[in-house]
Amino acid sequence: MGSHLLPEPVTEAGRDGLAALLARPERAVVALDFDGTLAPIVPDPERARAHPGAVPALARLAPRLGSVAVVTGRPAGVAVRYGGFAGIPGLEHLVVLGHYGAERWDAVTGTVHAPAPHPGVAAVQAELPGVLDESGAWRGTWIEDKGRAIAVHTRRADDPQAAYDTLRAPLAALAERHGLIVEPGRLVLELRPPGMDKGVALAEYVRETGASAVLYAGDDLGDLAAFAAVEKLRTEGVPGTLVCSGSAEVAVLAERADLVVDGPAGVVELLTGLADRLA
């Protein structure tokens, strides 16, 4: 196996973040989104699985770092299952922050810790079929019950973008009636409780671990909050590197990133390059 070159961030802040990680890896956190970052995006979210190179790359890298965390909107247990993260040598200290940090799975114990679900989620689930029917956008849309959130996917509709645009206003109104918010994503609208986002989850985790450097990789609008958290950490003296997985679908994320890689395969290359450099 040849050595993988480590790509160079295009910004000074990104280069500083990577240099700090490489200088003191034992105090660095690498945090990664799941769908679109570690796992390729697929039409049926239940068929999403980690890129075949992701777990081997993480297992090589994790023992050399302070911590590795997966930060996802999915339930923590689902991300662990679809990622194949449990019981892997090298990932004994992996943490999965699910539902935007409302749930947490630790490889050390193999258990998920979570508070009680928000009552608005069940209410929304009951009303959602009627709302989709009234909007004329039920054909080809798919409702995903995430337990602590409900996601409406339009990727399978005849005109996915039109269905997405049609549903934005009625779903926002439905969410508001039940004390929830709508998180837009790549042809998905997620209705979930306020106060849960990847930025809050990441910032709390970095503080908890006492990290002196952080790298975060994501691919979607939900990752903007994590990007903002890293930008704020930089102002507090914690260097950070922002990685965008793929640039085509979410330009706003690519524009804010220090480094753009080619989807999950590019993320695996980056993780492997880090592992090679630290070996």
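User: How many residues of domain 1 and domain 2 are in contact in this model?

Analyst: Contact means heavy atoms within 4.5 Å. In this predicted model, 23 residues of domain 1 touch 14 residues of domain 2 by that rule. Domain 1 covers 12-115 + 196-278 and domain 2 covers 119-192; such bounds come from an automatic or database domain assignment. Residues are numbered from 1 along each chain as its sequence is written, and side-chain values use heavy atoms, without hydrogens or water. Local features need pLDDT of at least 70 and side-chain atom pairs pLDDT 80 or more, while totals for chains, interfaces and linings use all residues.

User: What area is buried between domain 1 and domain 2?

Analyst: Buried area is the accessible area (1.4 Å probe) that two parts lose on being put together, summed over both. Here the figure is about 1,600 Å², with 51% from carbon and sulfur atoms.

User: How many salt bridges are counted between domain 1 and domain 2?

Analyst: A salt bridge puts a side-chain nitrogen of Lys or Arg within 4 Å of a carboxyl oxygen of Asp or Glu. The count between the two domains is four. Glu-103 and Arg-148 form a salt bridge through their side chains, at 3.0 Å, N to O.

User: Which residues are closest to the centre of the largest pocket?

Analyst: A pocket is an open set of points on a 1 Å grid over the protein atoms alone, where a 1.4 Å probe fits, with protein on both sides within 12 Å along at least five of seven lines; lining residues have an atom within 4 Å of a point. The largest pocket holds about 170 Å³ of space. Gly-101, Ala-102, Val-200, Ala-201 and Glu-204 are the closest to its centre, out of 13 lining residues.

Conventions: Grid points are joined across faces, edges and corners, and a volume is the space filled by probe spheres set on the points.
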